[in-house]
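Trainee: I should like to understand how the terms used for a structure follow from its values. May I put some questions to you?

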Amino acid sequence: MSFEVEVQIARGNRRIAVSFAGQSRLVALFGPSGVGKTSVLDAVAGLLRPDAGRISVGGRVLFDSANGVNLPPEGRECGYVFQDARLFPHMNVRDNLLYGWRLARPEHRWMSLDEACAFLGIGHLLERRPRTLSGGEAQRVAIGRALLSGPRFLAMDEPLASLDAARREEIMAVIERIRDELELPILYVSHDAAEVARLAGEVVAIGAG
Amino acid sequence: MSLLSPEEWSIVALSLKVGGVAMLGALPLAFALAWVLARVRFPGRVVLDALVHLPLVLPPVVTGWLLLLGFGAQGPAGRFLAHFGITLMFRWTGAALASAVMALPLMVRAIRLSLEAVDPRLEGAARTLGAGPWRCFATITLPLAMPGVLAGMVLGFARSLGEFGATITFVSNIPGQTQTLPLAIYGALQMPDGDATVARLAVVSVVLSLGALVVSEVLTRRGAGVSGSSGRGEPERHRHVL
């Protein structure tokens with residue numbers, strides 16, 4: 001499994017040009033805030049169309065401007081964990097968790113609701129509404145929702161940024177277990193050097209320009 | 001019921017029918033316009049926005065006259081519909097059309113606000129989880145916008161119940177056919193002994209309008225509670241649709 005990304009993205013008057021190939025299970029995109037790390041992740045997930053370039057994950061081409069390939073987000077099988085959890089406010093935790101699971105083809109599912117609840121310790125939250133969850137709880141549910149959609153890889157955008165120190169430790173441990181126990185490749189965005197040093201097998205530095 | 005005479009009840013029934021048909025008929029167009037105005041960026045958007053709002057600020061008698069020009073016996077739309085045996089002039093269906101045109105801006109406004117309040121990042125999240133555009137619309141966008149859509153429907157219905165100027169210009173004031181509540185009140189005012197009728201019908205109007213406004217406000221508040229992004233510290237958004 002590997003990430004091969006080479007894209008140019010124009011956002012307003014700023015240009016983002018990134019090129020990397022990562023073989024590790026957790027590849028970190030590391031750099032200061034505002035250099036476009038999230039844009040790169042959005043491009044990999046299919047939420048943002050790069051101006052040019054090529055994106056492949058595990059040998060599967062998701063985007064290739066030269067050959068007119070641009071899979072829609074729903075076809076990329078990317079479990080995206082957002083910085084702000086982004087749970088659906090009109091559904092309870094159970095329906096949030098099962099949203100992608102229900103849409104996934106049965107043969108693509110590799111985790112059950114019970115397994116996700118046990119793995120993340122969120123079984124007691126199932127009937128709750130997202131707005132009643134703490135930041136750490138919401139982020140664990142968001143991770144569970146992504147895992148249950150049967151993804152081939154995860155994209156994580158600063159999943160610890162909005163959490164306090166105790167919760168950060170808790171989610172960091174979860175991410176390590178996803179990396180080591182589930183062996184799921186992760187493309188991970190962060191501006192925190194300590195976080196990246198602990199989690200990442202490979203670091204791609206993204207700077208301004 | 002002894003509160004109203006049978007004729008007065010039939011006026012109320014006709015008003016509800018005209019209002020309901022007008023609101024339901026305008027709904028698909030209102031939703032489409034609200035969607036385009038909320039989500040699509042195109043040149044001429046300002047012009048479309050102004051056109052949609054025109055019946056709100058135009059003298060209703062002008063709107064009625066324009067409907068006469070278009071849908072009257074000599075109008076292009078009127079002649080087209082005549083091929084199918086449909087006449088709107090001096091019929092309750094014409095009253096419904098006039099009401100629909102007058103209700104449209106309010107409905108578009110309420111629905112558009114609720115669509116704009118739906119966080120597009122939630123739709124992006126749904127797409128990454130495997131939802132195609134239509135499923136994303138049906139499971140995320142529409143449910144989140146639904147309180148605003150319902151509020152728009154109630155407002156449109158209430159506006160239709162109150163429609164007077166465009167209706168009387170377009171379809172006249174024909175008892176049993178086009179005489180809705182406001183037109184009946186106007187008619188009774190012309191009668192020497194119509195005071196009691198006016199008072200009774202006015203009370204009915206107040207009750208119906210007040211009820212509609214309360215329902216619409218409740219729906220809008222409920223919508224403000226759920227349509228934002230998830231997580232803690234969600235700001236309490238309160239939107240006025242009028």
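Mentor: Helix 2 of chain A and helix 4 of chain A are roughly parallel to each other. This is a predicted model, in which local features need pLDDT of at least 70 and side-chain atom pairs count only at pLDDT 80 or more, while totals for chains, interfaces and linings use all residues. Residues are numbered from 1 along each chain as its sequence is written, chains are lettered from A and ligands numbered from 1 in the order in which they are written, and side-chain values use heavy atoms, with hydrogens and water left out.

Trainee: Why are helix 2 of chain A and helix 4 of chain A called roughly parallel?

Mentor: Helix 2 (residues 93–103) and helix 4 (residues 135–148) of chain A pack at an angle of about 30 degrees, with axes 6 Å apart. Angles under 35 degrees count as roughly parallel, over 145 as roughly antiparallel, 65 to 115 as roughly perpendicular and the rest as oblique. The pair is therefore roughly parallel.

Trainee: Which residues of helix 2 of chain A meet helix 4 of chain A?

Mentor: A:Val93, A:Asn96, A:Leu97, A:Gly100 and A:Trp101 meet A:Val141, A:Gly144, A:Arg145 and A:Leu148 of helix 4 of chain A. Contact means heavy atoms within 4.5 Å.

Trainee: How do you know that the length of helix 5 of chain A agrees with its number of residues?

Mentor: The expected span of a helix is 1.5 Å times one less than its number of residues. Helix 5 (residues 165–180) of chain A has 16 residues and should therefore span 22 Å; its end C-alpha atoms are 23 Å apart, which agrees. Its buried residues are A:Ile171, A:Met172, A:Val174, A:Ile175, A:Glu176, A:Ile178 and A:Arg179.

Trainee: What makes B:Thr178 buried?

Mentor: Buried means under 20% relative accessible area, exposed over 50%, and partly exposed in between (1.4 Å probe, protein chains only). B:Thr178 has a relative accessible area of 0%, so it is buried. This residue is in the loop between helix 8 (165–171) and helix 9 (181–190) of chain B. Beyond its neighbours within four places in sequence, its contacts include B:Leu14, B:Phe90 and B:Trp92.

Trainee: Why does A:Glu77 count as buried?

Mentor: Its relative accessibility is 18%, so A:Glu77 counts as buried. A:Glu77 also has a positive phi of about 50 degrees, although it is not a glycine. A:Arg86 has a positive phi too, near 55 degrees, and is buried because its relative accessible area is 13%.

How values were computed:
Axes fitted to C-alpha atoms, helices over the stretch in contact; angles between N-to-C directions. Helix = DSSP H or I, 4+ residues; strand = E, 2+ residues; numbered from the N terminus.
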